[in-house]
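User: I have a fold open and want a quick tour. Can you walk me through a few spots?
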Amino acid sequence: MAERRVVVTGIGTINPLGNNIEEYFTNLEKGVSGAAPITHFDAEKFKTRFACEVKNYDPNQYFDRKEVRKYDLFTQYALIAATQAVEDAAFDFDKLDKEQVGVIWASGIGGLKSFFDECLGYAEGGMTPRFSPFFIPRMISDIAAGFISMKYGFMGPNYCTVSACASSNHGLIAAFDAIRYGKADVIVTGGSEAAVNEPSVGGFNSMQALSTRNDDPAHASRPFDKDRDGFVVGEGAGALVLEELEHAKARGAKIYCEFVGGGESADAHHFTAPHPEGIGAMKSMRDAIKDAGIRPEDIDYVNVHGTSTPLGDIAELKAVKGVLGDHIYNVNISSTKSMTGHLLGATGAVEALACVYAITKGIIPPTINCENLDPEIDSKLNLTLGKPQHRDVKCALSNTFGFGGHNATVIFRKF
């Protein structure tokens, strides 16, 4: 069968820069940092005592008390972002064939806080083990996709993609494939993570992966800067409604942009470090460009994974140059993790929304906090430092890479 075209018709988010799309896009453009001292737990004994948390969050504004008991925080974030995206898509539910609507959701870790709390309770419980009946369904990574489908009665493909920090892009690609190959007409997709907690921060600290700039959290996430010392962990969710083009046109849907390609690969190199020459990343990008049916010269904006780690930033820029060649000097590059922090399994979805923003608004979000460019980085690259830049963006490419050597790249095009 002929491949069908796929467009974005709904978007939603809750993340460190805003609890909805409007706040997120406004703060992206302003170059706001989402980093601040941790409030979710007492981090005084930890090497890193700050993170990019969701701000002013009260679950009781979104859920009743029984629901809060059932949902881990990552599921709460998923439901909030997905609800925004579905409402934005403005379906007529009386006419919508719910058997043709699916949910493919991502999370790299799932209910880590629920797991940790139950283990603590068991350790402190004495002779009789006591566990909540909600423990397992709160913890498992696929539960967010299930709850989103239950809320709306969506009966199409329903599952979770898990590939560490590449999880969301893998979910987006799976949703894209499901629609273009006729397995669904609409997919609610995206990712969520709630990993600002003791085991997450402690674990990443033990790997020396996190920044320890405790005296200046707002400037801690500093991609490409010679003094970068690790990433800043973030939390939240991003959601997109992907829809088959003719289905969207038939109901008069608002179309933000078109999803045109995805690429996936493995480094097959190291369990946490990227390949130093970016071999796997290059394959992922090349496959995405081929899948999209475009040329490297068609790319206007690259939202890099750009975590602010010493090895990762260098390897990725080598890979981007390896794919784009001299065209890289005509491209805007930025790392929005400099503002949001690293949302782990949710990062691809939130950064896909940054690409939607660049295409629809004609504004490239900046890379903040890069004050002294790493001398190993080509100074002629346009890394969109310090402030946003205006340009007509026809094609935007977004990279995500995960522990285990997982790489996933997505491409959006102006419709």
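User: Which residue caps the N-terminal end of α3?
Analyst: D72 does, with a side-chain oxygen 3.0 Å from the backbone nitrogen of F74. A polar contact is a pair of N or O atoms within 3.5 Å; within protein, one must be able to donate a hydrogen and the other to accept it, and residues adjacent in sequence count only if both atoms are side-chain atoms. This is a predicted model: local features need pLDDT of at least 70, side-chain atom pairs pLDDT 80 or more, while totals for chains, interfaces and linings use all residues. Numbering starts from 1 along each chain as its sequence is written, and side-chain values use heavy atoms, without hydrogens and water.
User: Is α3 buried or exposed?
Analyst: 14 of its 17 residues are buried, so α3 is largely enclosed by the rest of the structure. Buried means under 20% relative accessible area (1.4 Å probe, protein chains only). Helices are DSSP runs of H or I, at least four residues; strands are E runs, at least two.
User: What comes just after α3?
Analyst: A90, with a positive phi of about 55 degrees.
User: New topic. What does the side chain of E53 reach?
Analyst: The backbone nitrogen of H40, at 3.1 Å. E53 lies in the loop between β3 and α2.
User: Which strands does β1 pair with?
Analyst: β1 runs antiparallel to β7, with 8 bridges. β1 also pairs with β8 in the antiparallel sense, over 3 bridges. Pairing takes at least two DSSP bridges.
User: Where does I14 sit in that pairing?
Analyst: Its bridge partner in β7 is A237.

Conventions:
Buried means under 20% relative accessible area, exposed over 50%, partly exposed in between (1.4 Å probe, protein chains only).
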